[in-house]
Amino acid sequence: MTRVAILPSAEAAAVTVATCIADALQVDPELVIGLPTGQTPIPMYRALVELHRQGRADFGRATTFNLDEFVGLAPGDLGSYHAYMRAHLFDAINLAPERMHLFNGKRKDWRREIARFDAALSALGGLTIAVVGIGRNGHIGFNEPAPALATASHRVRLTEASRRANAAAFGGRWRRVPTHALSMGIGSILRARTVLLLATGAHKAAIVARALHGPITTRVPASLLQAHPNVLVVLDRAAAGKLPMSERRLSRGSTMKS
Ligand code: PGA
């Protein structure tokens, strides 16, 4: 079942997702959380850091798994998602480094790297909550549109769209964005007990509508979430702009089944 929450602003949507994570941490301090990167989650991480400062989000016993990392970048490299996570969340919360799981994009033997990552994830029983974004091409993590999708973590060739979407961290030059990434598999995301999808901005409206109401297809990886039993899609008004009018009316300020 998919519930949709439409908030009046991107900031309010970000706070909603951060609050869901904080609330879940209170119920289960040993939460295993899948974490996204990109532009959209930045205000969500800001809100989560604020909740942590207020004593409402304790990461002392939590574990995180990032959805993806660029191939060829070391954890210390500026454009890496390691660096992103330190800047936006990790340096400001009480999460122990050994509980932060990210792919090392620099490791030559990437098959071993993804095996290490997936073994750590299954040792904990998988994700309790997967927080995901959606690319304009419908990807989640870097599970790019394709005729078939890998269930486990894998190495993926990035589409030009995804490289362009990440240009900001590479001096605005999309050709400098690495050509490949390591991504958590769609199976690990779909096995999460709860999936929180955050999308904001008018540029996401068309793909959000396709993901929620179009056919389930690996050409729109986020559409697979329609088959998941517990998904909350958190949108601002702009990202909800192409949903059916009835849904937009009903879900304003509350949530509804999709
Ligand atoms: P964005 O990326 O937040 O930068 O749009 C989302 C995604 O690609 O999952």
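Which atom of Gln39 lies 2.8 Å from an oxygen atom of the ligand? A backbone N or O atom does, and that pair falls under polar contacts, meaning N or O atoms within 3.5 Å.

A word on the source. This is a predicted model, where local features need pLDDT of at least 70, side-chain atom pairs count only at pLDDT 80 or more, and totals for chains, interfaces and linings use all residues. Residues are numbered from 1 along each chain as its sequence is written, and side-chain values use heavy atoms, with hydrogens and water left out.

In the side chain of Thr40, an N or O atom is 2.4 Å from a ligand oxygen. For Lys204, a polar side-chain atom lies 2.6 Å from an oxygen atom of the ligand. The protein buries 84% of the 280 Å² that the ligand exposes when taken alone; areas come from the Shrake-Rupley method with a 1.4 Å probe.

The surrounding residues, with a heavy atom within 4 Å, include Gly38, Pro41, Ile134 and His139.

Now the whole protein. There are eight helices and eleven strands, taken as DSSP runs (H or I, at least four residues, for helices; E, at least two, for strands). The C-alpha atoms fill a box of roughly 50 × 45 × 35 Å along the principal axes.

Conventions:
A polar contact is a pair of N or O atoms within 3.5 Å; within protein, one must be able to donate a hydrogen and the other to accept it, and residues adjacent in sequence count only if both atoms are side-chain atoms.
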